[in-house]
Every structure is written in C-alpha cells, then in structure tokens.
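Please open the model in your viewer and keep the selection tool at hand. We will go from stop to stop, with a note on what to pick at each one.

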Amino acid sequence: TAFKLAHAASFGKTVHAGEGYGPESRFKSVEAPTDALRASWRREAPKSGMWQAQIFVPRSDGATATALNYQLQMGESSSRCIVDQSASQGWIMCGQPLPAKQGASLTISLHAEPGEMAGERIALDAIRFVWRGESDGH
C-alpha cells in the first residue's frame with residue numbers, strides 16, 4: 001500500500017497530468033537560504049519481520065535535488081539513505097531492510113536544514129513500506 005504525503009499543499013504546488021503516483025505530485029522549490037523542509041510518512045507494521053522503504057519519484061524533469069537525506073525508523077532500528085531525484089524515477093529502494101515487530105511504527109522522514117537545498121526542486125510524493133520476510137529471532 002502506498003501512502004501519499006499528508007498536508008502536501010504546504011510544501012508547494014500540485015502538478016497534475018499523471019506525473020506522480022496516482023493523479024498528482026507535489027513539488028517544493030527551495031530557493032531562499034532560510035527555507036527548511038520537513039516531511040514524514042508513518043504507518044504501523046501489520047506483521048513482524050524485515051521492512052524496507054520505497055520512495056516514488058515522479059516522471060518529470062522538475063525534480064533537481066541530488067542528495068536528499070531520508071531518515072528511516074522501523075521499530076527500534078534506524079538508518080538513513082541519500083536519494084538523487086535528478087537521476088531517479090519511479091519506485092526506488094531507500095536503505096536496507098530493517099526489523100520491526102507487529103504494531104511498531106514504520107516512519108520515513110525527509111529533513112533539510114535552511115540553506116542545504118537552496119535552488120533545488122524536491123518532489124514529494126508517495127512512499128511505501130515493503131515486507132521482505134521474517135527477521136532473525138522473530
């Protein structure tokens with residue numbers, strides 16, 4: 001199941017015409033050095049095991065960000081991944097599978113400090129958490 005970004009309108013304009021996952025994508029143009037960007041997606045693990053995040057990058061030349069830092073939290077495990085949206089499109093893997101117990105929070109967050117992404121266009125669209133099998137010890 002894919003999850004769209006909640007309250008995405010606060011992050012920029014909506015681009016229609018089938019570029020995103022479903023009928024729309026959200027793009028944020030980060031231009032001023034005072035801009036900070038925060039977005040997150042969350043759900044509960046429906047079963048125990050290894051979980052991996054996937055990010056949907058729309059088919060568009062609008063996304064120019066080359067080093068987006070995503071933070072992953074799967075139950076008690078965490079990691080991060082760097083995504084070059086200018087060279088990616090469609091569903092892409094983000095980080096290695098991490099263990100989480102049933103009911104644990106699966107969270108992915110994007111956070112850019114003021115000035116980090118100046119002049120970049122960032123696509124904010126859907127993510128999904130994919131079950132990759134049993135984990136050791138579960």
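Start by selecting Ala-45, which counts as buried because its relative accessibility is 3% (buried is under 20% relative accessible area, exposed over 50%, and partly exposed in between, with a 1.4 Å probe and protein chains only). Ala-45 sits in the loop between strand E4 (37-44) and E5; helices (H or I, at least four residues) and strands (E, at least two) are DSSP runs numbered from the N terminus. Now show what surrounds Ala-45: apart from its neighbours within four places in sequence, it is in contact with Trp-51, Lys-101, Gln-102, Gly-103, Ala-104 and Leu-106, where contact means heavy atoms within 4.5 Å.

Residues are numbered from 1 along each chain as its sequence is written, and side-chain values use heavy atoms, with hydrogens and water left out.

**The whole chain**

Zoom out and switch to a cartoon. The protein chain has 11 strands and zero helices. Of its 138 residues, 43% are buried. Among contacts with a separation of 6 or more, 75% are between residues 24 or more positions apart.

Next, colour by pLDDT, the predictor's confidence in each residue, from 0 to 100. The chain has a mean of 75, and 70% of its residues reach 70 or more. Then select residues 5-19, where the pLDDT is below 50; this stretch has 37 contacts in the model beyond near neighbours in sequence. Where pLDDT is low, the predicted coordinates should not be read in detail.

**Gln-52, in strand E5**

Move on to Gln-52, found in strand E5. Is Gln-52 buried or exposed? Its relative accessibility is 8%, so Gln-52 counts as buried. Look for a polar atom of its side chain: the backbone oxygen of Gly-95 lies 2.6 Å away from it. Leaving out neighbours within four places in sequence, the contacts of Gln-52 include Met-74, Cys-94, Arg-128 and Val-130.

**The disulfide**

From Gln-52, step across to Cys-94, one of its contacts. A disulfide joins Cys-94 to Cys-81, with S to S at 1.7 Å (a disulfide is a pair of cysteine sulfur atoms within 2.5 Å). Cys-81 belongs to strand E7 (residues 77-83) and Cys-94 to strand E8, so the pair ties together parts 13 residues apart in sequence. The torsion about the S-S bond is about -65°, so this disulfide is left-handed. Both cysteines are buried, and a search of the whole structure finds one disulfide.

**Rings and charges**

Select Phe, Tyr and Trp. Rings of these residues (for Trp, its six-membered ring) pair if their centres lie within 6.5 Å; planes under 30 degrees apart count as stacked, over 60 as edge-to-face and the rest as tilted. The count by this rule is one aromatic pair. Phe-56 and Trp-91 have ring centres 5.2 Å apart and planes at 70°, so they are edge-to-face. Phe-56 is in strand E5 (residues 49-57) and Trp-91 in strand E8 (residues 90-100), 35 residues apart. Phe-56 is buried at 10% relative accessibility, whereas Trp-91 is partly exposed at 24%.

A charge sits over a ring if NZ of Lys or CZ of Arg is within 6 Å of the ring centre and within 35 degrees of the ring normal. For another example, go to Lys-47, which lies over the face of Trp-131 at 3.7 Å from the ring centre.

Gln-85 is in the loop between E7 and E8, and counts as buried at 2% relative accessibility. Show its contacts, among them Val-57, Leu-68, Tyr-70 and Ile-122.

Finish at Gln-71 in strand E6 (residues 68-74), which is partly exposed with a relative accessible area of 36%. Its contacts include Ser-79, Arg-80 and Thr-107.

How values were computed: This is a predicted model: local features need pLDDT of at least 70, side-chain atom pairs count only at pLDDT 80 or more; totals for chains, interfaces and linings use all residues. A polar contact is a pair of N or O atoms within 3.5 Å; within protein, one must be able to donate a hydrogen and the other to accept it, and residues adjacent in sequence count only if both atoms are side-chain atoms.
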